[in-house]
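Subject: Structure handover

Hello,

Here is the structure you asked for.

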Amino acid sequence: MKRSLSRREFVATGAAASLAALVPRPVFADSTIMQRLVVHTDAEIGKISPELHGHFAEHLGSCVYGGLWVGKNSKVPNINGHRKLAVEYLGELGVPVLRWPGGCYADDYHWRDGIGPVEKRPKRVNIHWGGTVETNSFGTHEFIELCRLIKAEPYLAGNVGSGSPQEMRDWVEYCNYPRGSDLAEERAANGAREPFKVRYWGVGNESWGCGGNMRPEEYATLYRRFAVYLKEFGGTTPYLIASGPSGGDIGWSRGLLDKVRGDFPDGLSMHYYEGGEDAATSFTAAHMNQQLAIFEKVEECILLQRAVLDGYPEGRKIGLILDEWGVWDRIAPEDEKKYGSLWQQSTMRSALAAGLGLNLFNRLADKLYMCNIAQIVNVLQSLLITEGAESDKCVRTTTYHVFSLFKAHRSKMAVRVQGQEASPPGLSASASKSGNELVLSFVNPSADEDFRVVCTLVGSNAQEGTAEILHDTDLNACNSFEKPNAVVVQKHSVKVDGSKVQLDMPRMSVATAVVRLG
Ligand code: AHR
């Protein structure tokens with residue numbers, strides 16, 4: 001998608017002066033750029049499914065062990081082994097869906113290793129992530145308990161790479177069949193009388209790569225074979241998610257869908273990371289711009305993949321799932337050494353990326369079924385960072401705060417916003433509505449330009465509004481173990497007057513305004 005030209009109008013110009021009555025007091029210098037948007041409050045795009053704010057936890061680095069899980073005997077405050085502070089923070093934010101146990105790890109994970117008495121569980125080597133020894137002390141029951149604690153819908157990724165249809169079919173029965181079968185009784189004997197009722201099932205992960213290095217037609221044959229046995233057990237019909245392309249690889253999607261011969265999956269998973277040149281806390285502005293510009297490509301790929309799916313009979317019913325996304329910076333070896341594989345800090349720049357992604361998903365709410373950022377704790381673009389299994393330090397990252405800014409959009413109807421820039425460093429915006437509440441989110445990804453945003457509402461009148469902002473003038477600013485609240489959400493001023501909503505968006509900021517309509 002082409003980037004449209006920025007409309008640069010200085011606040012001091014005549015056009016801006018006519019709005020002066022709306023502005024409490026200019027907070028910017030003369031170089032502030034006016035950004036005019038039109039919000040069509042009746043032009044509905046689609047419902048913003050809460051699942052667009054989904055998450056992913058893999059047995060990788062310190063995401064699970066030392067992150068979410070500290071163990072029942074830990075001196076770190078915990079609930080049955082789950083890190084208490086992480087449970088509280090994630091519960092407060094709301095995690096609509098949580099995918100587990102991988103990633104690459106899923107295609108070499110054997111679920112039986114992670115059930116039954118902990119002391120009897122086998123130790124295995126995690127071949128994908130550093131050859132570490134996996135204790136299996138966090139398995140299916142622990143995962144489901146975590147989901148219950150944070151009220152997340154569980155999403156289990158099955159093993160197609162080194163597993164078998166029988167193994168995966170048995171996992172579904174173990175989780176979902178109420179009682180009477182050996183597997184259901186085994187689950188009960190392991191402490192869970194009631195079925196887990198797991199709906200989301202991934203049939204492999206990155207089957208073109210770490211999930212078996214297959215060609216699409218090979219995977220299609222396997223997918224069809226697995227799907228035959230992944231049935232409804234005890235009233236829970238599994239929603240089967242096939243391994244989709246890396247980014248925009250339509251060859252994979254077409255190859256797969258041509259060969260599944262009508263046995264279409266319920267969902268197709270695509271992965272798209274936003275790679276970065278620098279280590280998380282030492283980005284240059286130029287490299288930030290490069291990284292944020294990738295969201296244009298993400299948008300193109302979503303549109304392309306959706307078009308491919310829609311081209312098949314019944315293809316419209318297939319949910320497009322952005323199963324892994326987020327910034328993947330240059331990983332600092334010293335961080336990996338201290339905190340585990342793919343440990344990455346989240347900065348103001350990462351927050352901008354989170355905001356650009358979530359704005360994009362709102363605008364494409366009719367094209368997407370679910371989006372899971374990678375990963376929930378410590379790994380890549382995480383919500384929380386922890387200092388290790390022995391420490392009770394658990395910090396909410398800038399990415400966490402952006403998800404909290406976007407929470408008000410969940411389950412609302414996305415509506416059209418006209419006039420925003422198609423790509424960074426221009427202004428990004430999205431809007432949603434439910435009843436008399438309008439939610440507007442903005443991202444100013446520019447490293448050096450401040451924006452004044454004036455929205456004209458079409459179809460509704462604004463009565464009053466509140467706003468919150470996440471902002472720092474340093475693109476590398478972050479919440480660390482020493483300064484956990486360096487970058488947090490602040491109350492922000494918004495001017496609401498009839499058809500106009502106005503707020504200032506300083507360089508590098510993400511904000512949400514909640515407006516009551518008349
Ligand atoms: O999230 C890290 C890894 O990235 C996942 O294991 C894999 O699916 C992807 O390549």
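The side chains of D310 and R316 form a salt bridge, with N and O 3.9 Å apart; the term stands for a side-chain nitrogen of Lys or Arg within 4 Å of a carboxyl oxygen of Asp or Glu. D310 is partly exposed at a relative accessible area of 25%, while R316 is exposed at 64%. Here buried means under 20% relative accessible area, exposed over 50%, and partly exposed in between, using a 1.4 Å probe and protein chains only.

Before the rest, some ground rules. This is a predicted model, in which local features need pLDDT of at least 70 and side-chain atom pairs count only at pLDDT 80 or more, while totals for chains, interfaces and linings use all residues. Residues are numbered from 1 along each chain as its sequence is written, and side-chain values use heavy atoms, with hydrogens and water left out.

Other salt bridges

The whole structure holds 25 salt bridges. In one of them, R452 pairs with D504, the closest N and O atoms being 2.5 Å apart. R452 lies in strand β19 (residues 451-458) and D504 in strand β23 (residues 500-505), so this pair ties together parts 52 residues apart in sequence. Both partners are buried: R452 has a relative accessible area of 2% and D504 one of 10%.

E185 and R193 also form a salt bridge, at 3.0 Å between the closest N and O atoms. E185 is partly exposed at 31%, and R193 is partly exposed at 33%.

The chain as a whole

The protein chain has 12 helices and 24 strands; these are DSSP runs, H or I of at least four residues for helices and E of at least two for strands, numbered from the N terminus. Of its 518 residues, 59% count as buried. The C-alpha trace spans about 75 × 55 × 40 Å along its principal axes.

Among contacts (heavy atoms within 4.5 Å) between residues at least 6 apart in sequence, 76% join residues at least 24 apart.

As for charge, there are 56 positive and 61 negative side chains, and the centres of the two sets lie 3 Å apart. Lys and Arg count as positive and Asp and Glu as negative, with His and the chain ends not counted; each charge is placed at NZ of Lys, CZ of Arg, CG of Asp or CD of Glu.

Regards
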